[in-house]
Amino acid sequence: MIKFIGIIPARFASTRFPGKPLVKLGGISMIERVYKRAARSLGSNLLVATDDTRIYDEVTRFGGNVVMTSTEHRSGTDRCFEAYKAFGSDADVIVNIQGDEPFIASEQIDALKDCFLRKADVQIATLVRPFDASRGFEALANPNTPKVVLDDDMNALYFSRSVIPYVRGKECDCWPSATQYYTHIGMYAYTREALASIVALPQSSLELAESLEQLRWLQAGYRIATASSSVATVGIDTPADLEAAEKLLSKNPDIYGI
């Protein structure tokens, strides 16, 4: 039986929105919302990895598992590995859950877990979302929404901030309906062996070019399995995103509540 643990990296010093794990959404801190929604899939096999005592104290207050980690990590992946070791977990697979997605759905975590349950050789998995062509080319071309192309077995071939694949012979406005595009959902899961290996890798040329850490793993020869999810979630990067999330929550408390 494969053992899973979920780790939520949560740092205070976000460039665009400092302190966002502690902001209130519907009267509840964002980190508590993420934790309790993730717990629907992972139960008590869940912890927060933070570099700030204010976040540590908040997680302790609502009864969650939490560990302090270094302020020097390059990414949430590095923070996850330190937390995994510090917590003394013996889990086989670590699920890296974004701390700024307060509407994360248990189905998304279950889809990631299923990648490892279905195939014994999976080392890394992530989520993708089929792009809705009705949103148009401008939304597809947004560089803050990474795109991904897949092989026939749903393994990632490449991730890019550019629109991939290129559709030859058609105007850009026609591209979204010309082929099925996929966008990346930044949630990962790794076997403990893979996680220990990838955090030791130096940054790669593709990663530095696109500012996407998963390209480091692909460039080093790792295969990244994917699961498709059409669940709509909201990432909180700015105060404006928080305002939009408040409106969504107020209209759909049964769907987005805890």
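Q: What makes a residue count as one that Thr183 touches, and which residues are these?
A: Contact means that heavy atoms lie within 4.5 Å. Not counting residues up to four places away in sequence, Thr183 touches Leu127, Val128, Arg129, Phe131, Thr145, Pro146, Lys147 and Val148. The structure is a predicted model, in which local features need pLDDT of at least 70 and side-chain atom pairs count only at pLDDT 80 or more, while totals for chains, interfaces and linings use all residues. Residues are numbered from 1 along each chain as its sequence is written, and side-chain values use heavy atoms, with hydrogens and water left out.

Q: Why is Thr183 called buried?
A: Buried means under 20% relative accessible area, exposed means over 50%, and partly exposed lies in between (1.4 Å probe, protein chains only). The relative accessible area of Thr183 is 6%, so this residue is buried.

Q: In which element does Thr183 lie, and how is such an element defined?
A: Thr183 is placed in strand β10. Strands (E, at least two residues) and helices (H or I, at least four residues) are DSSP runs, numbered from the N terminus.

Q: What makes strand β10 (residues 182–191) mostly covered?
A: Eight of the ten residues of β10 are buried.

Q: How do you know that other strands pair with β10, and in which sense do they run?
A: Two strands pair if DSSP finds at least two bridges between them. Strand β7 (residues 124–130) is joined to β10 by seven bridges, and the two run antiparallel. Strand β6 (residues 93–96) pairs with β10 over four bridges, also in the antiparallel sense. Strand β8 (residues 147–150) has two bridges to β10 and runs antiparallel to it.

Q: Which residues of β10 are the bridge partners of Val95, Val128 and Lys147?
A: Val95 has Ala189 as its bridge partner, Val128 has His184, and Lys147 has Thr183.

Q: What makes the link between the side chains of His184 and Thr126 a polar contact?
A: A polar contact is a pair of N or O atoms within 3.5 Å; within protein, one must be able to donate a hydrogen and the other to accept it, and residues adjacent in sequence count only if both atoms are side-chain atoms. The side chains of His184 and Thr126 are joined at 2.7 Å, and this is a polar contact. Thr126 is also among the residues that His184 touches, together with Leu127, Pro146, Val148, Phe159 and Gln214, not counting residues up to four places away in sequence.

Q: How do you know whether Phe4 is buried or exposed?
A: The relative accessible area of Phe4 is 11%, so Phe4 is buried. Phe4 lies in strand β1 (residues 4–10). Not counting residues up to four places away in sequence, the residues it touches include Leu42, Val93, Val95 and Phe116.

Q: Why is the pair of Tyr35 and Phe62 given its class?
A: The ring centres are 5.4 Å apart and the planes stand at 65°, so the pair of Tyr35 and Phe62 is edge-to-face. This pair links distant parts of the chain, with Tyr35 in helix α1 and Phe62 in the loop between α2 (53–61) and β5 (66–68), 27 residues apart. Tyr35 is buried, with a relative accessible area of 9%, and Phe62 is buried as well, at 14%.

Q: What is the class of the aromatic pair of Tyr166 and Trp175?
A: Tyr166 and Trp175 stand 4.8 Å centre to centre with 75° between the planes, and their aromatic pair is edge-to-face. Tyr166 counts as exposed because its relative accessibility is 61%, whereas Trp175, with a relative accessible area of 6%, is buried. Ring pairs link Tyr166 and Trp175 with Phe137 into a cluster.

Note on methods. Rings of Phe, Tyr and Trp (its six-membered ring) pair if their centres lie within 6.5 Å; planes under 30 degrees apart count as stacked, over 60 as edge-to-face and the rest as tilted.
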